[in-house]
Amino acid sequence: MSNRDTLHASPSGEAMKNVKEIVERAVSGAGAEMSAGSAEAGNKDVLNDKVGKIELNPHSNVLEQDPYRYSLQDSDTPNLFREIFPYTEVPKVPFNFRRVPMETPEEILITDTTFRDGQQSLKPYSTAQMVEIYKMLSRLSGENGIIRQTEFFVYSKKDREALEKCLELGYKFPEITTWIRASKEDF
């Protein structure tokens, strides 16, 4: 029998009993070491509280430690990491335990996805709503085109109608862009 076969073989009842005894002794011994001199020496609950519960998984026959043992720590004041994220500068990116400042571009532009991703998270907009939102985006964008583009779907008649009505407005910004499928009907 290979090691692989041994790892996946189901142990007999006697073997399981032996494994459980070994686990109990290991947990008790480790608990005693961790709390030497305390009244709780040998108590496996002490170990469980310190490192998480160690048990034999009956499905995989592997000793497993419960990884979800986190203690909540309350603090009077939040740590906002102001040395890394000051309000007066662009946030720095830690890389290899060193802070590396980001290179800020001369111009920041926004591509809006309200008419694409935004419609996938709630009930799709009506044509009138899409035209009204487009007008608001144009006002927000201003003459310099901070909101440079907005992305539309063109898969349905309603989407194409909204796109056409927004184009009829003649706004410079946001520019209307779209995603199409590899289908003639989308052109």
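The pattern comprises five helices and seven strands. Of the 187 residues in the protein chain, 24% are buried. Among contacts between residues at least 6 apart in sequence, 54% join residues at least 24 apart.

The protein chain has an average pLDDT of 74, and 61% of its residues score at least 70. The mean is highest in helix H4, at 94, and lowest in helix H1 (residues 3–8), at 40. Across residues 1–9 the pLDDT is below 50, and this stretch has two contacts in the model beyond near neighbours in sequence. A further segment, residues 30–42, also stays under 50, and for this segment the model has 15 contacts beyond four places in sequence. Where pLDDT is low, the predicted coordinates should not be read in detail.

Helix H5 spans residues 157–168; its twelve residues reach 17 Å from the first C-alpha to the last, close to the 16 Å expected at 1.5 Å a residue. Its buried residues are Asp159, Ala162, Leu163 and Cys166. Viewed down the axis of H5, these buried residues fall within an arc of 100 degrees, and they therefore line one face of the helix. They pack against H4, strand E6 (147–153) and strand E7 (175–179). On the face of H5 turned away from the buried side are the exposed residues Lys157 and Glu168. Cys166 illustrates the packing in residue terms: leaving aside neighbours within four places in sequence, Cys166 is in contact with Met130, Val131, Tyr134, Phe152 and Ile176. After H5 comes Gly170, which has a positive phi, near 75 degrees.

Helix H4 also contains Ser141. Ser141 counts as buried because its relative accessibility is 3%, and the cut-off for burial is under 20%. What lies around its side chain? A polar atom of the Ser141 side chain is 3.3 Å from the backbone nitrogen of Ile146, and one is 3.1 Å from the backbone oxygen of Ile147. Not counting residues up to four places away in sequence, Ser141 touches Phe173 as well as Ile146 and Ile147.

Thr114 lies in the loop between strand E5 (110–112) and helix H4 (127–141). The side chains of Thr114 and Asp112 are joined by a polar contact of 2.8 Å. Apart from neighbours within four places in sequence, Thr114 is in contact with Gln119, Tyr125 and Ile133.

How values were computed:
Residues numbered from 1 in each chain as written. Predicted model: local features only at pLDDT ≥ 70, side-chain atom pairs only at ≥ 80, totals over all residues. Heavy atoms only, no water. Helix = DSSP H or I, 4+ residues; strand = E, 2+ residues; numbered from the N terminus. Polar contact = N/O pair within 3.5 Å; in protein donor to acceptor, adjacent residues only side chain to side chain. Contact = heavy atoms within 4.5 Å. pLDDT = per-residue confidence, 0-100. Expected span 1.5 Å × (residues − 1). Buried < 20%, exposed > 50% of the residue type's maximum accessible area, 1.4 Å probe, protein only. Arc of directions from axis to C-beta.
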